[in-house]
Amino acid sequence: MKQNVALVLSSGGSRGLAHIGVISELEKHGFTITSVSGSSIGAVMGGLYAMGKIQEYTKWVSSFNKRDIWGFMDFTIASNGLLKGERVFDKMKTFIPDMNIEDMPIPFAAVATDILHEKEVVFTKGSFYEAARASVAIPAVFTPVKYTDTILVDGGVLNPIPVEYVSRKNGDLLIVVNLYGDKKTDIPKESNNNNGFLNRLMNTISTLIITGDKHSAGYYSLLSGTTSAMIHRIAKMSIEKHKPDMIINIPYDSANTFDFYRTKELIELGKNAAKEAINYYYKNL
């Protein structure tokens, strides 16, 4: 029997590629996704799915290597972020045209954080790309977005799992994909090909700036690590409060923020996590 699903996709950097695998597995098992909400990478994946373009995105991102990721890093001299965060979206627009959220075939909501007024901003209409860019604005990594009378940053800061904003109807299963699942150190890591200077440079940037490595004590890594701890706690509280019908957990140590060159591995991780959660759900009906 077909089961309608209200799907909530959490923030979590490149681990969000697992969302693609989760969606694929849910559809394979006969679930019908009738509404989606997301924060940060969850907003990107959720919006692409709601507009019917997740396959085009998957094909594109599956071709990435480390050099490609480096090429999308549009560094800026701005004092409020390392990256502009525009280059990757500009490229996406060349094969996935922008769409107003209210025109999407599936109801969709993206969440960003109004840093001046300390509240969430929920996008349920207007440009998908504008909403996505605001929702992924990781503080101190991506430059924030000026919006009407305020400034927006990553939706995960206040609401990494935006259950409240999914358009759930009576009878819909509430399914949450949580990218802050328990650490699982036995996840196989893709072999590190020796690409010389570029590889070492990427590793250095990832370690000292982006990943939140607590041992580096750099400004950005310290901020990232602090934010990460806060978001983990908020995510856990959100799950406990809303009690989803199904929780699909992705280990938080399965990928770093910008590991988008590991697409196939992370999609497979999402599929496997979804299979496990679906089996558990049916066994406990």
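## A buried helix and an annotated site

Helix H1 is largely enclosed by the rest of the structure, because nine of its 12 residues are buried; buried means under 20% relative accessible area, exposed over 50% and partly exposed in between, with a 1.4 Å probe and protein chains only. The model is predicted: local features need pLDDT of at least 70, side-chain atom pairs count only at pLDDT 80 or more, and totals for chains, interfaces and linings use all residues. Residues are numbered from 1 along each chain as its sequence is written, and side-chain values use heavy atoms, with hydrogens and water left out.

**Helix H1**

- Helices (H or I, at least four residues) and strands (E, at least two) are DSSP runs numbered from the N terminus.
- The buried residues of H1 include Leu17, His19, Ile23 and Leu26.
- The end C-alpha atoms of H1 (residues 17-28) are 18 Å apart, which agrees with the 16 Å that its 12 residues should span at 1.5 Å a residue; the expected span is 1.5 Å times one less than the number of residues.

**Strands S1 and S2**

- S1 (residues 3-9) and S2 run parallel and are joined by seven bridges; strands pair if DSSP finds at least two bridges between them.
- Val8 stands opposite Ser37 in S2.
- Seven of the nine residues of S2 are buried, so that strand is mostly covered.

**The annotated residues**

- The unreviewed UniProt entry carries the annotation "active site" for Ser40 and Asp154; such annotations may be inferred rather than shown by experiment, feature names are shortened, and positions follow the numbering used here.
- These residues span 115 residues in sequence, yet no two of their C-alpha atoms are more than 5.9 Å apart, so they gather at one spot.
- Ser40 lies in the loop between strand S2 (31-39) and helix H2 (41-50), and is buried at a relative accessible area of 5%.
- Leaving aside neighbours within four places in sequence, Ser40 is in contact (heavy atoms within 4.5 Å) with Ser11, Val111, Ser135, Val136 and Asp154.
- Asp154 lies in strand S6 (residues 150-154) and is also buried, with 6% relative accessibility.
- Not counting residues up to four places away in sequence, Asp154 touches several residues, among them Ser11, Ser40, Thr113 and Pro139.
- The side chain of Asp154 reaches the backbone nitrogen of Gly156 at 2.6 Å.

Notes:
Polar contact = N/O pair within 3.5 Å; in protein donor to acceptor, adjacent residues only side chain to side chain.
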